Amino acid sequence: MSKPKSSKRALGAIVLSFEAIVVFFATLAAFGLNVAPPEVVWGVGISVSILLIVTPAVLGKPGGYAFAWFLQALILASGFWLWGMFLIGSILVGMWIWAMIAGGTIDKARANYLKLKEEL
C-alpha cells in the first residue's frame with residue numbers, strides 16, 4: 001500500500017497559494033499609494049508572490065516548512081510599508097497556523113487509523 005498524502009502539506013499549499021493572490025493585490029495597492037519607487041514595489045511584490053506559489057513544491061523537503069514560516073514573517077513585516085497588511089497578514093498567518101495544526105492532527109489520526117487497521 002502506498003504512503004498516504006500529507007494533509008498538513010495539502011492545507012499548507014492551499015494557504016500559500018491564497019497568500020500569493022493576496023500579496024499580488026497588496027502589491028497593486030502599494031503601487032497605487034506610491035509607498036516606494038515602482039521598481040521596488042513590483043520587484044518585491046512579484047518576487048514574494050512567486051515564492052509563495054513555488055514553496056508548496058518544497059514543503060515535503062527538509063527546511064521547506066521553515067522557509068514557509070519565513071514567508072509568513074515577511075508578509076507580516078510588509079505592514080511597515082502598507083499598514084493594512086498588519087491586519088491582513090495576521091489573518092493569513094492565522095490561516096497558516098490553523099493549516100499546520102489541523103493538517104498535523106489529521107496526519108496523526110490517519111497514521112493511528114492505519115496502524116490499528118493493520119493490527120486487525
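**Close-up 1. The surroundings of Leu 16 in a predicted model.** Leaving aside residues up to four places away in sequence, Leu 16 touches Leu 52, Thr 55, Pro 56, Leu 59, Ala 68, Gln 72 and Trp 96 (contact: heavy atoms within 4.5 Å). This is a predicted model, in which local features need pLDDT of at least 70, side-chain atom pairs count only at pLDDT 80 or more, and totals for chains, interfaces and linings use all residues. Residues are numbered from 1 along each chain as its sequence is written, and side-chain values use heavy atoms, with hydrogens and water left out.

**Close-up 2. The largest nonpolar core.** Here 20 residues come together, and Leu 16, Leu 52, Ile 75 and Trp 96 have the most contacts inside this core (a nonpolar core is a set of buried Ala, Val, Leu, Ile, Met, Phe, Trp, Tyr and Cys residues joined through side-chain atoms within 4.5 Å; buried means under 20% relative accessible area with a 1.4 Å probe, protein chains only). Two or more residues each come from α1 (7–32), α2, α3 and α4 (84–119) (helices are DSSP runs of H or I, at least four residues, numbered from the N terminus). The largest share, seven residues, belongs to α1.

**Close-up 3. The buried face of α2.** Val 41, Gly 45, Val 48, Ser 49 and Leu 52 are buried in α2. Seen down the helix axis, the buried residues fall within an arc of 100°, so they line one face of α2 (the arc is that of the directions from the helix axis to the C-beta atoms). Their cover includes α1 and α3.

**Close-up 4. Thr 55 in its loop.** Look for Thr 55 between α2 (38–54) and α3 (64–77). Thr 55 is buried, with a relative accessible area of 2%.

Notes
Buried means under 20% relative accessible area, exposed over 50%, partly exposed in between (1.4 Å probe, protein chains only).
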